[in-house]
Amino acid sequence: MTTSPAASYAPRTNVREFMYMYAKTLAERTTPGQRLDIEEQDKQCTFHAYARTEGVCGIVVTDLDYPPLVAHRLLNKVLDDFLTAHPRPKWPDASRRPSGPDDQLIPMPELQTYLKQYQDPYQADSMLKIQQELGETKITMHKTIEAVLARGEKIDDLVAKSEGLSTQSKMFYQQAKKQNSCCVLM
């Protein structure tokens, strides 16, 4: 079954408009200096917001599994770079508002670079990457310890068997010595 481009475009447009309106409402309701993480279960996403005291608010939408700490680091970085490149006196007239998701009053081409860089949170955040590597090392160490303990049990079994053989060989030697002592060869 094939779908027409118009059929696949309609749901994406609805989702995009939903995200735009939700983000706009969230930005308006976030007080300066506040950070928010709001999960939207129906859409399987989380809205992360950070309103700066300078009058800007950053919103990033992630899937539910994306680490909030990394999302807020991205917001910090984007907002810092935005304010450095575009100080408040250079902002356009406040009476003009964006009319939709594609309307950018102040373009920020670096955003695409950040979005690519932060696709994998473990690559973007060095602390998260170190924690992941530590977790993998911990798993490896547990497996190694389990293998050593299993080998230790096998060694214990071998030691017990060798002690049993040693005891049996001593008994055999003593019985053989008794058997041979009764007869004298001439």
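V60, V61, T62, D63, Y66, A71, L74, L115, Y118 and Q119 line the second largest pocket of this protein. Two elements, β3 (57–63) and α2 (68–85), each give two or more residues to that lining. Please keep in mind as you look around that this is a predicted model. Here is a short tour, starting with the overall build and then moving to a few local spots.

**Overall build**
- The protein has five helices and three strands.
- Read from the N terminus, the elements follow the order α-β-β-β-α-α-α-α.
- Of the 186 residues, 20% are buried.
- If you take the contacts between residues at least 6 apart in sequence, 41% of them join residues at least 24 apart.

**Back to the pocket**
- The second largest pocket has a volume of about 170 Å³.
- Strand β3 supplies the largest share of its lining, with four residues.

**Salt bridges around R52**
- A search of the whole structure turns up two salt bridges, and R52, E54 and D80 are linked in a network of such bridges.
- In one of them, R52 pairs with E54, with 3.2 Å between the closest N and O atoms.
- In the other, D80 pairs with R52, and here the closest N and O atoms are 2.7 Å apart.
- D80 sits in helix α2, while R52 belongs to the loop between β2 (45–51) and β3, so this pair ties together parts that are 28 residues apart in sequence.
- R52 counts as buried because its relative accessibility is 13%, under the 20% cut-off.
- E54 is partly exposed, at a relative accessible area of 33%, and D80 is also partly exposed, at 34% relative accessibility.

- E40 is found in strand β1 (residues 35–40).
- With a relative accessibility of 16%, E40 counts as buried.
- Setting aside neighbours within four places in sequence, E40 is in contact with F18, Y22, C45 and F47.

**A nonpolar patch on the surface**
- M127, I130 and L134 form a nonpolar patch on the surface, and together they have about 300 Å² of accessible area.
- L134 is part of helix α5 (residues 126–181).
- L134 counts as exposed because its relative accessibility is 56%, which is over the 50% cut-off.

Notes:
Residues numbered from 1 in each chain as written. Predicted model: local features only at pLDDT ≥ 70, side-chain atom pairs only at ≥ 80, totals over all residues. Heavy atoms only, no water. Patch = residues over 30% accessible without salt bridge, like charges linked within 9 Å, V, L, I, M, F, W, Y side chains within 5 Å. Areas by Shrake-Rupley, 256 points an atom, 1.4 Å probe, with all protein chains shown as cover. Salt bridge = Lys/Arg side-chain N within 4 Å of Asp/Glu carboxyl O. Buried < 20%, exposed > 50% of the residue type's maximum accessible area, 1.4 Å probe, protein only. Contact = heavy atoms within 4.5 Å. 1 Å grid on protein atoms, 1.4 Å probe; cavity = no way out; pocket = protein on both sides within 12 Å on 5 of 7 lines; lining within 4 Å. Points joined across faces, edges and corners; volume = space filled by probe spheres on them.
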